[in-house]
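Hi there,

Here is the model I promised to pass on to you. My notes on it follow below, with the cut-offs spelled out as they come up.

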Amino acid sequence: MAVDAARTDEGFTSAGAARVLRAACRTAGLDDRGAELIRFGENALFRLASVPMVVRIARGKEWMSTARKEVAVARWLAVEGFSAARIVEDVEQPLLVDGHPVTFWHLIVEGDRKATYGELGGILQDLHSLTVPAGLDLPSFDPFGKQELRIDKAAIPEDDRAFLRKRWRELRDKYAELRFESPKGPVHGDAHVQNLMVDDQGRVVLIDFEAFCFDHPEWDLMVTSVEHHSLGWQTDAQYADFVAAYGRDLYDWHGYETLRGLQEFGMTTWLMQNVRENEETAAEYRRRIAGLRDDQGPRDWRPW
């Protein structure tokens, strides 16, 4: 039986992703020597040394349709002139390499500062005002799409797994009762400030289209609202800048608590995929699962 290059008994690892990178670069006619792993989370991201590109490797072939969507969204945003990550057009993509979707992106040369929360609010306001073209088929936002797979595959204690499955069912029931009043439109789906980059020309650039969808804008406001009101990751001034730039504070909405539960659940299951990478990740997972077990308790979670 063939062994998947990045899926062994240890799951998707950074070492396995590096093997996929080498195979993908050979297929695309690129030199992988000196490539640097710049992020390992839902995907593995490598910066090539030979050309100004970033290679993105997904966890498994089940994400191939998502990779195709990311490529289509990037092309649409380029046509719109929207400040967003650009795919490499002269490389066929997405590739499926050893069971892993692979995409190639132009490197964004970072400037000397990070994006602000005011800039995040502004770019979301601009994104939500766009009209999705008829030919671009986008899914609805699915807060549960990855959760069962994550829970099944993660290397976590069985009592945690049982708790997460129970919480997953509870959140589905609450979600079924949620009623939105806003019109649907383009939604980023993972709209935190780390998905903005400021390039060396001072331009704010939106990245990571994996969760991009056609749905209600509340899904994009949820992230920063929960980070502030529940986790305390922004100062009052930073959050005020975000609200002023976008024009709305989701905390005032009747559905906030449901979205808070969904966001915190997703943040925990996202992190737990990598508990075998190092003790720091495992310790943060333990903090987060403890928080989920105590809805009213303080959140001492750390940004990741």
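A contact here means heavy atoms within 4.5 Å. By that criterion, Leu77 touches Phe82, Ala84, Arg86, Leu127, Leu130 and Phe209, leaving out residues up to four places away in sequence.

Before the rest, the ground rules. This is a predicted model, in which local features need pLDDT of at least 70 and side-chain atom pairs count only at pLDDT 80 or more, while totals for chains, interfaces and linings use all residues. Residues are numbered from 1 along each chain as its sequence is written, and side-chain values use heavy atoms, with hydrogens and water left out.

**Overall fold**

The protein chain has nine helices and 11 strands; these are DSSP runs numbered from the N terminus, with helices being H or I of at least four residues and strands E of at least two. Its radius of gyration is 19 Å, close to the 19 Å that the globule rule gives for 304 residues, so the chain is as compact as a globular protein of that length. (The radius is taken over C-alpha atoms, and the rule is 2.2 Å times the number of residues to the power 0.38.) Along the principal axes, the C-alpha atoms fill a box of roughly 50 × 45 × 40 Å. Of the 304 residues, 54% count as buried, where buried means under 20% relative accessible area, exposed over 50%, and partly exposed in between, with a 1.4 Å probe and protein chains only. Among contacts in the chain with a separation of 6 or more, 69% are between residues 24 or more positions apart.

**Helix H7**

Tyr239, Phe242 and Tyr246 are buried. Seen down the axis of H7, its buried residues fall within an arc of 55°, so they line one face of the helix; the arc is that of the directions from the helix axis to the C-beta atoms. After H7 comes Gly247, whose phi is positive, near 100°.

**Lys146, Gln147 and Glu210**

Lys146 lies in the loop between helix H3 (117–128) and helix H4 (147–153) and is partly exposed, with a relative accessible area of 21%. Setting aside residues up to four places away in sequence, Lys146 touches Glu42, Trp63 and Glu210.

Glu210 sits in the loop between S10 and S11 and counts as buried at 11% relative accessibility. The side chains of Glu210 and Asn43 are joined by a polar contact of 2.6 Å. A polar contact is a pair of N or O atoms within 3.5 Å; within protein, one must be able to donate a hydrogen and the other to accept it, and residues adjacent in sequence count only if both atoms are side-chain atoms.

Gln147 is in helix H4 and is buried, with a relative accessible area of 5%. Its side chain makes a polar contact of 2.5 Å with the side chain of Thr269.

**Backbone details and cysteines**

The peptide bond from Gln93 to Pro94 is cis, with omega near 0°, and Pro94 is found in the loop between helix H2 (64–80) and strand S6 (95–97). Asp98 and Asp208 are not glycines, yet Asp98 has a positive phi of about 50° and Asp208 has one of about 65°.

Cys25 is buried at 0% relative accessibility, and Cys213 is buried at 1%. A search of the whole structure finds zero disulfides, meaning pairs of cysteine sulfur atoms within 2.5 Å.

Best wishes
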